[in-house]
Amino acid sequence: MKKDKIKKNINITLFTIAILLLGFNISASALSQTTINNKGIEISQSEYNNLLNLGFTDNEILNMTLKEYNENKNLKGEVVSKNIVYFDENEKINSKNNGIELFGIQNGSITTASKKMITTIVSVNNHYRYKVSLEWTKIPSTRSYDIIGLGIDNTVKVYSTPVFQQNFCYSSNNCSSSNTHTRNTSSVGIGASFRLPTVKLVSLSSYLYFDVEKRNSGTLTSQNAYGDYSHATKSISQEYITNYYVNRGGIILDSSISDYYDNITPAVAKWTGSW
């Protein structure tokens, strides 16, 4: 009887150990999961999460360059404000509230194909990062020189080199990207003009971001990032693509080019706190 009891206890112990080892292996496997993006970069799960916490979308991570990946993979950030705005062909606008801090509900119109614009404020390394992303949900028929921009309050100033990238896919498994752009910089905003690919595409998106610092030593209790995008509704010559500036009103087009672009209201990400 004792032998049977001892044998039973040994079996239970061995079973428990096996379960614990199996659980350890599953956890280790989960921790070792990696993603290989379209540039051939192997991204660990923890690095992928770091990039998401910096406000990058899945599509942006999958098309990220090695330089950008190395600059961001170990940064610990937190999205503290996000505003997502949808524009459609019927000149309607919808704002999606994700419950992160404060969201600005925008009003605007567009007469071209559908697109989604996201503006975020991210806390990272004792600074804040402002970012605007534009994703086309329907590829536009007219493709010339578009403009993406970020306006800032006069209480902050640009701290880092602005980063721009345009991503596009020819098919579901054949994608490319471009950093080619013409930058337009002022003390209250930065814009990037760039040419859209004219070949057949299944997806098209772009983004712009930079870090900011306080302009003065006092405490800031609010911040606003004014993301904007201007799509060329007819072909425009490259020599005119810098005839604009960016501020808290978004992209302000010069009268010489205003008839070439659509008109939408900026998506404003708002933050309140103490900095």
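View 1. The model is predicted: local features need pLDDT of at least 70, side-chain atom pairs count only at pLDDT 80 or more, and totals for chains, interfaces and linings use all residues. Residues are numbered from 1 along each chain as its sequence is written, and side-chain values use heavy atoms, without hydrogens or water. A pocket is an open set of points on a 1 Å grid over the protein atoms alone, where a 1.4 Å probe fits, with protein on both sides within 12 Å along at least five of seven lines. Points are joined across faces, edges and corners; the volume is the space filled by probe spheres set on them.

**View 2. The lining of the second largest pocket counts 19 residues.** Lining residues have an atom within 4 Å of a point. Gly55, Phe56, Thr57, Lys116 and Ile118 lie nearest the centre of this pocket. Helix 3 (58–62) and strand 3 (77–87) are among the elements that give two or more residues. Strand 7 gives the most, with 4 residues. Helices (H or I, at least four residues) and strands (E, at least two) are DSSP runs, numbered from the N terminus.

**View 3. The largest pocket has a volume of about 370 Å³.** Its lining has 21 residues; Lys67, Glu71, Thr161, Val163 and Tyr209 lie nearest the centre. Strand 10 (163–171) and strand 14 (203–214) each supply at least two residues. Helix 4 gives the most, with 4 residues.
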